[in-house]
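Keep the viewer open as you read.

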Amino acid sequence: MPKVSQEHMDARRRQIVDAARDRFASHGFARTSMADIVAGSGLSNGAIYRYFTSKDEIVVAVCEQGAEALPKALTEEAVAGFLEHVRVRARETGHARLVAQIYAEAAVSPQLAAVVRQQLAAMREAVAELVPDRRKQHAERIAEGFAAVCLSYSQQLAIRGDLDPAPFTAALMAIVDG
């Protein structure tokens, strides 16, 4: 049997995760079966199980893949651009619905909760690094509030649909500016 390259294996794994992410966003975790993921990926059962032993492993892989690109600075323009990016992803790919599913599942899955906690810590750390020097003594609190408002915006996009990010931008800037 010919040896398969790592590049090929990585591509197949991405193909499975992409199919699962699309299905999870539109139908949720509970209403997605392995058969749905197999059908969405275009691969065989055997191919799926070569890379993942269970749907739970696929859920974790989807979560690990889904970190948002944070703003490059904590300016009004950069924050507004970031929230618009979140809004567009919610509208075009169902990403906010997927995030809502991940958080709900993390509440009952210790393995997924560990991934989510790690991602939240990385987000808070990245935001704390962006805090202006005049507010550095409050960097951890600012980062915590920033993460909370961003996650709230995402959750509201999942439930309420397309929302103007302007009030959330204003709230984030109030947190940053004190």
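Start at T169, which touches E76, V79, A80 and L83, leaving out residues up to four places away in sequence; a contact here means heavy atoms within 4.5 Å. T169 sits in helix α9, residues 166-177. With a relative accessibility of 5%, T169 counts as buried, where buried means under 20% relative accessible area, exposed over 50%, and partly exposed anything in between (1.4 Å probe, protein chains only).

Before going further, a word on what you're looking at. This is a predicted model, in which local features need pLDDT of at least 70 and side-chain atom pairs count only at pLDDT 80 or more, while totals for chains, interfaces and linings use all residues. Residues are numbered from 1 along each chain as its sequence is written, and side-chain values use heavy atoms, with hydrogens and water left out.

Now zoom out. The protein chain has 9 helices and 0 strands, with helices (H or I, at least four residues) and strands (E, at least two) taken as DSSP runs and numbered from the N terminus. Along its principal axes, the C-alpha trace spans about 60 × 35 × 30 Å. Of the 178 residues in the chain, 39% are buried. Take the contacts in the chain with a separation of 6 or more: 64% of them link residues 24 or more positions apart.

How do α6 and α7 pack? Helix α6 (residues 95-106) meets helix α7 (residues 110-130) at an angle of about 120 degrees, with the axes 8 Å apart. Axes here are lines fitted to C-alpha atoms, for helices over the stretch in contact, and angles run from 0 to 180 degrees between N-to-C directions. That makes α6 oblique to α7, given that angles under 35 degrees count as roughly parallel, over 145 as roughly antiparallel, 65 to 115 as roughly perpendicular and the rest as oblique. On the α6 side you'll find I102, Y103, E105 and A106, and they meet L112, A113, V116 and L120 of α7. The residues of this contact divide into 7 nonpolar, no polar and 1 charged. For that count, Ala, Val, Leu, Ile, Met, Phe, Trp, Tyr, Cys and Pro are nonpolar, Asp, Glu, Lys and Arg are charged, and the others, Gly among them, are polar.

Helix α6 has another partner in α8. Their axes come within 8 Å and cross at roughly 110 degrees, so α6 and α8 are roughly perpendicular to each other. From α6 the contact takes A96, R97, V99, A100 and Y103, and from α8 it takes L151, S154, Q155, L157 and A158. This set divides into 7 nonpolar, 2 polar and 1 charged.

Not counting residues up to four places away in sequence, S154 touches A96 and V99.

M9 lies in helix α1, residues 6-27, and is partly exposed at 25% relative accessibility. Leaving aside neighbours within four places in sequence, M9 is in contact with V4, R50 and Y51. M9 and R50 are 41 residues apart along the chain, with their C-alpha atoms separated by 9.8 Å.

The UniProt record (an unreviewed entry) annotates residues 33-52 as "DNA-binding region"; such annotations use the numbering given here, have shortened feature names and may be inferred rather than shown by experiment. Over residues 33-52 the chain is 75% helix and 0% strand, and the end C-alpha atoms are 13 Å apart.
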